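Q: I have a model open and would like to go through its contacts. Can we start with the charged pairs and move on from there?

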Amino acid sequence: MNPLLVVLFLPLATAVFNRLFGARLGKGAAAGLACASVLVAFAFAADSVLGLAALPAASRQVLVHVYDLLDLASFRVGFDLLLDPLSGMMILVVTGIGFLIHLYAVGYMHEEDAGEYARFFAYVNFFVFSMLTLVLAANFLVIFTGWELVGVSSYLLIGFYRGKTSAADAGKKAFIVNRVGDFGFLMAIFLIWNAFGSLDFSAVLPHAAALSPGMATAVGLLLFMGAAGKSAQGPLHVWLPDAMEGPTPVSALIHAATMVTAGVFLVARCHAIFELSPLALGVVAWTGALTAFLAATVAMVQVDIKRVWAYSTVSQLGYMVLGVGVGAYTAGLFHLLTHAFFKALLFLAAGSVMHALHGELDMRRMGGLWRKMPLTCATMIVGAACLAGVPLTSGFFSKDEILLMALRGPHADFGLWLLGYLGAACTAFYSGRLIFSVFFGKPRDHHAYEHAHESPWVMGLPLVLLAVGSLAVGLLGLPGFLTHWQPFTDWLAPVFADLKAVPEASASRALVLGLMALYTGTVAVLGWIAWRLYTGEAAAHPADGEATSALHRLLWNKYFFDEAYGFVFVRALLGYSRWLWRWVDQGLVDGTVNGVAAAAQAAGDFLRGRVHNGRTRQYAAYLAAGACLLLGLALIYHR
Amino acid sequence: MIPAYGLRDLAVLGPEIACILGAALVLGLDMAFRSQSSKRLVEAAAALALGVSAALALGRLAAGPGSAFGGQVLDGAVPDVFRLGLAATGLLTLVLARREGGSQGLLHAEFYALLLFALGAMELITVSQDLMLSFVALETFSLAMYVLAGFNKAWHGNREAALKYFLLGAFAAAFFVLGMALVFGALGSVRLDAASALLSGGKLAAPREMLLDLGLSLCATALLFKVGAAPFHLWTPDVYAGSTTPVAYFLSAGAKLAGFGALLKLLGAVPGCPAPFPQILAVLAVATLLAGNLGALRQTNLKRLLAYSSVAHTGYVLVGLLGLGTAGSGAAASVLAYTLVYAVMAFVAFGLVAAAEGGLKRPLLLEDLQGMGFERPYFSLALAVAMVSMAGLPPTAGFIVKLGVFKAALDGGHTLAAVVAILNSVVSAAVYLRVLVALYMLPKSPDGAQGGARLSGTLGFAVVALALALLALGLLPGSLLALGSL
Amino acid sequence: MGLREVLLAVFAFGALAFALAVVSTRNTVYAALEFVAHLLCLAALYCLLDAPLLGVLQVMVYAGAIMVLFLFAVMMLDIQETGRESAFQGPGQVAGALLLAALLFALLVFGADRFPAAALAPAAAPGAPGVGADNVVRVARALFERGALVFEAVGVLLLTAVVAVMVMAKRRLEN
Amino acid sequence: MFGVGFFLALAFALFAVGAFGVLTRRDPLVMFMCIEMMFNSGNLALVALSRYLGLASGHALVFFVVAVAAAEVAVGLGIIIAIFRTEKDVNVDHLSELKG
């Protein structure tokens, strides 16, 4: 039996078992089983990937046929799995980080009763299975199935806390916004089916050039519509911040590390189609860049730490999409990999803080926590440093590569780079802001501070492992001028071997170093500004809706004026961000989504109230009108 | 010359004859044994008749297409599977009636007899090539259905449902009569095979073609009324909500199978489905999808929700019919597959409604399901599977059949209708999600249905088995798609 | 204009006039009687259109049996109550219904009557045995030879109707 | 003057009058009579067309339609009587509790 089948189906089997019998087994057994299954899956995945690595680079593709989904004379689709360097990397991420998050959840969820506990692990295992189906798919039908399954499991987990209306609403929103994206994906699949008569990647992607330019653009844009829904790219990002209603490990696993990267994965997988259409690639890149910048500015004013990380995730996904949009697939995927580590870490650390403070998430009520929870503090600083792009961390290398490609790559554009750069500056600011507000300065809520405590080892261990991983994973993709040892690029090279021009930035070493210096300087300055603003006694957090009084305080307090114009600039940006969040993001984008839903409901109510009013004779009138309609159409369109 | 009809002709109608003889048997048994114990006997006889009918339909399927009674009847793979599906739907209705019948006053010989008469007529209409025969069959099952809808006259809802259904159904039937007259004027007969022979031979002058189109459109009105296509659908929520649950299921699934079987025959009269039929179907499909999905969006009464959902599903099937003009689009097969899977999904849904409303003196509401997810795990999982399948998500059979109808429409060049249909599945996701939210995410409501929702006996077994079948067909859709090669 | 034409005109006018009377009469009993008159006009038209068998059938089954059922129902339901209420809903609904009915009529006439002769199937050659001469024999052949299956189906329909009426007529089905 | 077109037009007119009656009358019995009127208009069209085409098979169709209509009347009146037997007021509009 192929080890891939174990990787795929073991989590499913455990999920089913835990859902049915987990509650009776007790907590320990349910959790142990769930963790063990993912660990075993990881081991088998590693084994498969090692086996793949042993093959010569050009033939690193293993197709596993599970069974025929349908087999007609003209048309065959199998439940086929494809292991290649791309999916190999993804299964390691899903099972590896998935395992650490399982481990963390053992501690995090321990207050739930046995039934809920087993249910949680069943759902998470089911999610792992769904995500593996998605990444291992060898044709569009299987990838769509996986795509929908992760949607369903994400939805189940967002609404995990029963009786919480906000959780149910968030789950519904996530599901429906994703359906909008899926509509595009499904249309793309139909177009591909029509054009190629097959859904197998092996029959479609190598022959993508057969598509007419217009068709390639249509397919590309529709595929990206699906990708944007899953990867929370504006304006379909509205579901992701609300999705934080779910348990924290879920946020870490699904809404940061794995599922949301599915869109990036899809674009990378179908790059052959995107490469045919400069328009589609342009839309991808600009969507990514705008999302990266705008979401980063919104993150600057959030006070709920999970929401900060949520908008940060939207922003970082924007970078990945920007990366694949400018043709820097390897760079985008590398950022996917590093982000999976450090964002999982950041969410889990946030969960640890939340755990310590009994559910408190408002950073305005924290402060000085480093004394109480040094381990959480240290690991979160590591994660935030990676996120902010502090030099020599993994995030620094991966983001640097994307920005370089945006400036000098095959589809470069200065505007893309500028948006990316500004977004990176904002990222540095909000990362610093969060760390300093939570862990440094003076405690702002003494009662909560007194009761804070470090989390147990099952939660601490994953934090440490992820912190180490976050730092170490950067070594896989050091910049080209430092070393010729490029394991990540080499590993993915076979996947992107079909690209005509090797997507390498044509930049001089001086430019590269200059840019690195620029980023480093930016991070340092903004980090310092954040430190000054958020550790002092007069911590600069305005209360809700008190933007004017904060401005007032700013003017009143000469201290800030003395510092630097930078503060004024930051203030202005903060004001802008607040405006962006409140009016554009919450008002316009979210409002549109809600508005469409409300309009549909109003139309439904109209139908029910006015048309279905229970009066037989009125029904008969509609019947007669329908007959007239039929006759009229028959007369108009007669042959 | 007297045409010689013989046993060979009767053999083609075996499945119908089995139903009708079954009805006679049921009435006879009831008269012979007037005791409590005869109820089981009557039920067994009805089940036997349906089983025989199904077996004979299967036999006809294996035997290949057969023409009988001078071409008035023509079966073939698609009609035979429709007949099989109808017999199965009848059996499922018996299962539902067995559970619900006691409390809803359905366990009478007349109920079984009317059900069998209706099924016989429904099966007949799917093989009929003669509009007059179709009309008689249509009226036979309509009359039976009016009375089934009002079977329990003690209930106010039953009375209102019966009257509404009857008045509107008779009104729709009048259009059929006039349409038949116009077809007679155009052709000199009311035979569908005559129409297709003349049309494909190019022997029909343009004005006569037009008269034929008008006549067929009017006939289609009555059939579209039965399947609940907008704007002929307004009776559905009222009648489903007013009838007893087994009858509501029979009205939704049986009428869809028979109605679409008949529509396929009707459109077979115009080979290649030329204008104006695609335009008519496209307009109706869009209207039906919107009416069904939007109407269901805020519905709280579960039976009404299922009625609107039934309307929406009719819309999807109409989308599939759009591919009829294009060879190789598999339109007929997609319609067949969709209606069959709908019958299964609807059974699971109505079966669970029946299980949950047991003993409740008012209609079952969405809030009664709140918190069931964990108290009644099997009930809830089965309902969840049905809802996911109705929403058309993988890996369920609902997804596969939706793909089939979308593909048929796209192959027929009806991109816009397909896009509207796919967009509608976004709306419908919201509809079915509300059921899942109630089951799994909301706290138990204080005055929710108490004690019901237990899956037991034949109904429990059938519901769980068919919910699993929906999943299995989604994962192994080969058999479903094999319908395309019929 | 011969006698036949005059009779046709009279009965056609009568059929339409009584039809209008049925929909506009408030009292149900009168409406039923007007409907009988309408049916009798139709029967006369059938006879004039060389369908004597159908004319007789119309009188016996429709004007006779069916309308007796209607009148019986009117008696059973003690109809006076509705008589007092206005028969129609508000003017808006009447106007809407009028519009719909007019539209239906216009579409049908426009569709079918635009090509009065060409739109119809070719008529039988002159001299061929028509519908008039041996009408009963011809109808009988059509009914029992090629129509045998439909005839059987009508039998089942009537049986179904008997059972259905039985269900509706029983005061309460014993459990 | 009295060609087939005339009778078709008459049939359509009767059909429309019947439809108008169904849409406006509240008494189920009168509604039902109007439906019967629509059936009859179909029959009239069939008779006229049969005469024009010289086909007796149209008469057979009318025969069947009458038989079907008779069955429908029996069942329909059964339903109406069963429902309104206990009501004081015979009015379809009063049966509109099922709605929404």
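**Salt bridges, interface and core**

A: Asp605(A) and Arg298(B) form a salt bridge through their side chains, 3.3 Å from N to O; the term means a side-chain nitrogen of Lys or Arg within 4 Å of a carboxyl oxygen of Asp or Glu. This is a predicted model, so local features need pLDDT of at least 70 and side-chain atom pairs count only at pLDDT 80 or more, while totals for chains, interfaces and linings use all residues. Residues are numbered from 1 along each chain as its sequence is written, chains are lettered from A and ligands numbered from 1 in the order in which they are written, and side-chain values use heavy atoms, with hydrogens and water left out.

Q: Where do Arg298(B) and Asp605(A) sit?

A: Arg298(B) is in the loop between helix H12 (277-297) and helix H13 (302-321) of chain B, and Asp605(A) is in helix H25 (residues 565-611) of chain A, so the pair crosses between chains. Helices (H or I, at least four residues) and strands (E, at least two) are DSSP runs, numbered from the N terminus.

Q: What area is buried between chain B and chain A?

A: About 6,200 Å², with carbon and sulfur atoms giving 77% of it. That is the accessible area (1.4 Å probe) that two parts lose on being put together, summed over both. Leu234(B), Arg298(B) and Met441(B) supply 12% of what chain B buries against chain A, more than any other three residues. The contact (heavy atoms within 4.5 Å) takes 75 residues from chain B and 60 residues from chain A.

Q: Back to salt bridges. How many over all chains?

A: 28. One of them joins Arg269(A) and Asp84(A) at 2.8 Å, N to O. Arg269(A) lies in helix H11 (residues 262-269) and Asp84(A) in the loop between strand E2 (76-83) and helix H3 (85-108) of chain A, 185 residues apart. Arg269(A) is buried at 6% relative accessible area, and Asp84(A) is buried at 3%.

Q: Which residues of chain B are linked in a network of salt bridges?

A: Glu16(B), Arg60(B), Asp75(B), Asp80(B) and Arg83(B).

Q: New topic: which residues touch the most other members of the largest nonpolar core?

A: Phe135(B) and Phe171(B), in a core of 558 residues. A nonpolar core is a set of buried Ala, Val, Leu, Ile, Met, Phe, Trp, Tyr and Cys residues joined through side-chain atoms within 4.5 Å. Helix H7 (residues 156-187) of chain B gives the largest share of this core, 23 residues.

Q: What does Phe171(B) touch?

A: Not counting residues up to four places away in sequence, Phe171(B) touches Ala620(A), Leu623(A) and Ala624(A), along with Ala19(D), Val22(D), Leu23(D), Ile35(D) and Met38(D).

Methods. Buried means under 20% relative accessible area, exposed over 50%, partly exposed in between (1.4 Å probe, protein chains only).
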